[in-house]
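Reader: I am new to this structure and would like to know what stands behind the words used for it. Could you show it to me and take me through them?

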Amino acid sequence: ENIDCADITTIHGFCRRTLQREAIDSTTSINPLLEEDNSELALEVVHDYWHSQVLALSPKQLKGLKKANLNIEKLSEVLLRIDADPSLLFTIDDGSIDISKPLFVQLQDWIENYWCDFLSLWQQEGQLLEFCLRNQAEQWRAIGIKDTKPFSPKPNKNRFEILNNWVKSFSEQFDQSTPQKIPSYEEIRSQNLLGSYFHPAVTVDTAQRCGEKNPTLMQPSLQEAIAALWDGPAEKVWMHCMAWSVNELEKRRKAAGQYSYGGLLKALDPSTCPTGKKLLIEKLRRRYKVTLIDEFQDTDSIQWRLLMSAFGQSADHLLLMVGDPKQAIYRFRGGDLSIYTEARKRVDRIDELL
């Protein structure tokens, strides 16, 4: 009889309406603006990061990052994927990355640390690693495998000697007063033996191609140090950029009173600041006695937490969910079919609609 009084809306419309009603308690704008397309803002933020952080690097460090295929387009693409998934809690669990500090200072420290770790292990195990790679190639040839490239039992070039001479050009000191030279990232990425021969990914790929199902590294500590030296600086720049950009997106939206679709959900997510969200949850309970969720198979984890916190844990409320797992199509927006299966285990009653 009172169906005309019901709030009939999308989940995002429900969140926006709630934030408007409870603007004071939720510390949000009285009229939150919905951002229809987040691609322009994301690209703007990454451009600002590139201009202020990456272009402040020395030319050799910048060229190294470009050799590692780090560019504005790829960073923007990843940022968009992170921003589009409201159920993703993006954090950087690495104490060496600090978005409040300039990138050029941190990048130099990262490279120096990776280089020192590599140098120590290379001097101890470099020649043994080359011997192991040759020996492994010989074993593969013995069982009839012809293509063991890039490894060979009797290579034309002594790759250990070539790389060792390159290493010595940085590690040798002219005199006691001259500090050891640390290679730039461009010089590291230009030394192809690190990436195309001694790198653990090459060992594993070749072993799998030669029929090994669970290949192991030859000298694990050294090969892991090689991978860290080759890939680590670019990976840390990637993490620094994403952490900085995600934080900057939030700051700019807050200043403009804007929300993305995912931001509307996060603003009511009870898992973030549970004490501050408790009052909002209580008000939702008082306002709604019956809640019906259609297309439940496309519910994401944030929506589920909100629905369960507000309506699913009270004897005074009725939470109805209608869904068909065969029609789950919104995984790209964060829809999670495992939420559907979890809900089936927790509900008091299941009816099949024919």
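Author: Gladly, and we can start with burial: a residue is buried under 20% relative accessible area, exposed over 50%, and partly exposed in between, computed with a 1.4 Å probe on protein chains only. Helices (H or I, at least four residues) and strands (E, at least two) are DSSP runs, numbered from the N terminus. This is a predicted model, where local features need pLDDT of at least 70 and side-chain atom pairs count only at pLDDT 80 or more, while totals for chains, interfaces and linings use all residues. Residues are numbered from 1 along each chain as its sequence is written, and side-chain values use heavy atoms, leaving out hydrogens and water.

Reader: Which residues of E3 are on its covered face, and which on its uncovered one?

Author: Thr 291 and Ile 293 form the covered face of E3, while Val 290 and Leu 292 form the uncovered one. In a regular strand the side chains alternate between the two faces of the sheet.

Reader: How do you know that E3 and E4 pair?

Author: Two strands pair if DSSP finds at least two bridges between them. E3 and strand E4 (residues 318-321) have four bridges, in the parallel sense, so they meet that definition. One example is Leu 292, whose bridge partner in E4 is Leu 320. The chain goes from E3 through H14 to E4 in a right-handed β-α-β crossover. The term right-handed means that, with the strands pointing away from the viewer, the path from the first strand over the helix to the second runs clockwise.

Reader: Why is Ser 301 called buried?

Author: Its relative accessible area is 18%, so Ser 301 counts as buried. Ser 301 belongs to helix H14 (residues 301-311). Leaving aside neighbours within four places in sequence, Ser 301 is in contact (heavy atoms within 4.5 Å) with Ser 87 and Ile 339.

Reader: And what makes His 317 buried?

Author: His 317 has a relative accessible area of 13%, and therefore the word buried applies. His 317 sits in the loop between H14 and E4. Beyond its neighbours within four places in sequence, His 317 contacts Arg 285, Tyr 288, Lys 289 and Phe 311. His 317 and Lys 289 are 28 residues apart in sequence, with their C-alpha atoms 5.0 Å apart in space.

Reader: Why is Lys 67 called partly exposed?

Author: Lys 67 has 42% relative accessibility, so it counts as partly exposed. Lys 67 is part of helix H4, and apart from neighbours within four places in sequence it touches Glu 186, Arg 189 and Ser 190.

Reader: How do you know that there are zero disulfides?

Author: A disulfide is a pair of cysteine sulfur atoms within 2.5 Å, and a search of the whole structure finds zero of them.

Reader: What is the span of H6, and what would a straight helix span?

Author: The expected span is 1.5 Å times one less than the number of residues. A straight helix of 40 residues would span 58 Å, but helix H6 (residues 103-142) spans only 50 Å between its end C-alpha atoms. H6 also has a kink of about 60° centred on Glu 125. That bend is the angle between axes fitted to the seven residues ending at a residue and the seven starting there. For another helix, H3 (residues 39-54), the 16 residues reach 21 Å, close to the 22 Å expected.

Reader: What makes Asn 69 and Glu 295 stand out in phi?

Author: Most residues other than glycine have a negative phi, and most peptide bonds are trans. Asn 69 has a positive phi near 65°, and Glu 295 has one of about 55° although it is not a glycine. Asn 69 lies in the loop between helix H4 (59-67) and helix H5 (72-84), and at 48% relative accessibility it is partly exposed. Glu 295 lies in the loop between strand E3 (290-293) and H14, and at 41% it too is partly exposed.

Reader: Which residues does a cis peptide bond join?

Author: Lys 149 and Pro 150 are joined by one, with omega about 10°. Pro 150 is in the loop between H6 and helix H7 (159-171).
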